[in-house]
Amino acid sequence: MAHQQRSQARLSPTGDTKDMDDIVALLAPRLAYFAGVARTEHVTRAAQEMQVPQSTLSRAMVRLEQDLGVDLFARRGRTVSLTPAGRTFLASVERALAEVERAADEVRADADPTTGKVAFGFLHTMGAETVPGLLHAFRADHPRVRFSLVQNYGEAMLERLRAGELDLCLTSPVPDAPDLVARRLDEQKLRLVVPADHALASRRRIRLAEAADETFVTLEPGYGLRRITDDLCQEAGFKPRVAFEGEEAETLRGLVAAGLGVALLPPPAVARPGVVELTVTAPRAAREIGVAWLDGHPDTPPVAAFKKFLLSKRGNLLPT
């Protein structure tokens, strides 16, 4: 049976983006009403079940048909039955309403104070020891809170923070941006890592200027540790000669162990054979670790609890 077209349809099926926005704005408020009437096939009964005035429901159905330009119901008094167009429309409406309900359940579950979720980002160098220790300690009092964990370099995490994909992130350097709130939590000393058979390997301490002629292996540009390395070398009076650029600190240690250069790195979670780690006496070689979040972004209860926990770790964030 062909769908009966009304002569004064309000929307034209052009596929234009603005038309689609108009369709959603017009139809969305009436979809649940339509599904209720379609389920009961009785306007009065549907109005009672949904606790809305019958007149409101009747007008909503008439407007829905006018907006679509299609008859959805065949009417016999207060009893209605779906037309073929109505049955086609109902199948899609039920799927859409089920998806909305699923999404509502998901965001409510993520915000639950006891079992909610925290989207947490952190630097690769904090993944082996620091973050597992923090999560273990936090879950002693919040055993059912769930975490979505993201490891990345600082700028990438800040982008995801701004996009709403992360609630909190541990990063270095501590960002200074008008749209972010950042708090310094701790400081981590950096060491000059050299191959075990290097001429400097017998030393315990070194001024960074003494490594001016060395070949360096570093993280790629854009990483916070790369920026710190470049700045420290500049302060020591030289520009590092970079042979290899990587994305992960332990990979750099492997390159150093293979004799491919030296590197400025934070301490490893586990000592690596084949390298010697020297204390840098000048300039002062350290990086600040901080937590950042989006300014003005409301926290769910689990995010607020984890933020409070992180802030309580000022000066005691990193393993000793």
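Let's start with a lining. The residues around the largest pocket divide into nine nonpolar, seven polar and eight charged. In these classes, Ala, Val, Leu, Ile, Met, Phe, Trp, Tyr, Cys and Pro count as nonpolar, Asp, Glu, Lys and Arg as charged, and the others, Gly among them, as polar.

Some ground rules. This is a predicted model, where local features need pLDDT of at least 70 and side-chain atom pairs count only at pLDDT 80 or more, while totals for chains, interfaces and linings use all residues. Residues are numbered from 1 along each chain as its sequence is written, and side-chain values use heavy atoms, with hydrogens and water left out.

Back to the pocket. How much space lies in the largest pocket? About 500 Å³. Of the 24 residues that line it, E129, Q188, P267, P268 and P319 are the closest to its centre.

What is a pocket here? The search runs on a 1 Å grid over the protein atoms alone. A pocket is an open set of points with protein on both sides within 12 Å along at least five of seven lines. A cavity is a set of points where a 1.4 Å probe fits but cannot get out. Lining residues have an atom within 4 Å of a point. Grid points are joined across faces, edges and corners, and a volume is the space filled by probe spheres set on the points. Rolling a probe the size of a water molecule over the atoms shows where empty space is left.

Which elements supply the pocket lining? β6 (180-189) and α9 (249-257) each supply at least two residues. β6 gives the most, with four residues. A word on the labels: helices (H or I, at least four residues) and strands (E, at least two) are DSSP runs, numbered from the N terminus.

Now the cavities. The count comes to two cavities of 30 Å³ or more. The largest cavity has a volume of about 110 Å³. It is lined by 15 residues, and L123, T125, L219, Y223 and R287 lie nearest its centre. By class, that lining holds six nonpolar, six polar and three charged residues.

The second largest cavity has a volume of about 40 Å³. Its lining consists of V217, T218, L219, L225, T229, L252, A263, L264 and L265. β9 (215-219), α8 (224-235) and β11 (263-265) are the elements that give two or more residues to that lining. Its classes are seven nonpolar, two polar and no charged residues.

Let's stay with α8. It has 12 residues and reaches 17 Å from its first C-alpha to its last, close to the 16 Å expected at 1.5 Å a residue. The expected span is 1.5 Å times one less than the number of residues. Which residues of α8 are buried? G224, L225, R226, I228, T229, L232 and C233. Buried means under 20% relative accessible area, exposed over 50%, and partly exposed in between (1.4 Å probe, protein chains only). What do the buried residues of α8 pack against? β9, β10 (241-246), β11 and β13 (286-294). Just after α8, G237 takes a positive phi of about 100 degrees.

R226 lies in α8. It counts as buried, at 11% relative accessibility. Leaving aside neighbours within four places in sequence, R226 is in contact (heavy atoms within 4.5 Å) with T218, L219, E220, P221, V242 and E245.

Compare another arginine. R146 lies in strand β4 (residues 146-151). R146 is partly exposed, with a relative accessible area of 35%. Not counting residues up to four places away in sequence, R146 touches A109, D110, T115, G116, K117 and V118. R146 and L158 are 12 residues apart in sequence, and 21 Å apart in space, C-alpha to C-alpha.

Next, helix α2 (residues 31-40). Why is α2 largely enclosed by the rest of the structure? Because seven of its 10 residues are buried. They are L31, F34, A35, G36, V37, A38 and T40. Just after α2, E41 takes a positive phi of about 55 degrees.

Last, the cysteines. The structure holds zero disulfides, a disulfide being a pair of cysteine sulfur atoms within 2.5 Å. C169 is buried, with a relative accessible area of 0%. C233 is buried too, with a relative accessible area of 0%.
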